[in-house]
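Subject: Structure handover

Hello,

Here is the structure I promised to pass on. Please open it alongside this note; my findings follow below.

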Amino acid sequence: MMPSLLSSYPLRRALVAAVIAAGLLAIFALDTMTEYAVAAAVFHSVLILLAVRWFSVRAVVALTLLCIALTLLSFALTPAGSYHLGLINTGISIVAIAVTAYLGLKLVAARAAAHAAQARLAQLAQATSVGELAGSIAHEINQPLAAIVTSGHACQRWLAQEPPQLERAGLALARILADA
């Protein structure tokens, strides 16, 4: 099976950058050639949402500023329509571009925080599991040691009696060896 041309991340990213560049030019041309009443610059928001997924915060901020600059330049170059209406539409477009960038970057930050929290939770779960395992091992070790100590004391008592209880002391030693 032959790997796809777009299977690598850098190639996909370059394609996305090319789509964004083409989109910038198309939106600028559309916004400049139409009357002021058409707010084509709002479509820059789509490009910003695309960039948020693929590029760094710095690149998204730069793209946002570029979109705003192109919107203002388009307003200055637009040949026809109601100037007052064009001013309102340009303002709305700039606000939409800025808000889209802000919300997109907040979404990226929230996702990063969620991933960090998941990683921390996984670490805590692992530490808890290790703690439980250590407690279980300590219990499994402690139980035979306590039995050995108890049988050792019993053996001492049997041997300390007058006359010494050798048979019972021998049984206590056998329990010690079995527990060990």
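This is a predicted model. V95, V99, Y102 and L103 make a nonpolar surface patch of about 400 Å². Of these residues, Y102 has its place in helix α4, which covers residues 83-160.

Next, the aromatic residues. The count comes to 4 aromatic pairs. One of them joins Y36 and Y83: the ring centres are 6.0 Å apart and the planes stand at 90°, so this pair is edge-to-face. The pair links distant parts of the chain. Y36 is buried, at a relative accessible area of 12%.

Y83 has another partner. It forms an aromatic pair with F75, and here the geometry is tilted, with 5.2 Å from centre to centre and 45° between the planes. F75 counts as buried because its relative accessibility is 12%, and the cut-off for buried is under 20%. Taken together, Y36, F75 and Y83 form one aromatic cluster.

Now the core. Which residues have the most contacts inside the largest nonpolar core? They are I20, L24, I48 and L63, in a core of 18 residues. The elements giving two or more residues to this core are α1, α2, α3 (57-77) and α4.

L24 is worth a click. Leaving out residues up to four places away in sequence, L24 touches H44, L47, L63, L66, C67 and L70. One of these, L63, is also among the core residues with the most contacts.

Last, S74. Is this residue buried or exposed? S74 is buried, with a relative accessible area of 1%. It lies in helix α3. Its contacts, again without residues up to four places away in sequence, are F28, D31 and T32. For a sense of distance, take S74 and G131: these residues are 57 apart along the chain, and their C-alpha atoms are separated by 64 Å.

To find your way around, begin with the patch at V95, V99, Y102 and L103. Then go to the cluster of Y36, F75 and Y83. Finish at S74 in helix α3.

Best wishes

Key. Residues numbered from 1 in each chain as written. Predicted model: local features only at pLDDT ≥ 70, side-chain atom pairs only at ≥ 80, totals over all residues. Heavy atoms only, no water. Patch = residues over 30% accessible without salt bridge, like charges linked within 9 Å, V, L, I, M, F, W, Y side chains within 5 Å. Areas by Shrake-Rupley, 256 points an atom, 1.4 Å probe, with all protein chains shown as cover. Salt bridge = Lys/Arg side-chain N within 4 Å of Asp/Glu carboxyl O. Helix = DSSP H or I, 4+ residues; strand = E, 2+ residues; numbered from the N terminus. Phe/Tyr/Trp six-rings, centres within 6.5 Å; stacked < 30°, edge-to-face > 60°. Buried < 20%, exposed > 50% of the residue type's maximum accessible area, 1.4 Å probe, protein only. Core = buried A, V, L, I, M, F, W, Y, C linked by side-chain atoms within 4.5 Å. Contact = heavy atoms within 4.5 Å.
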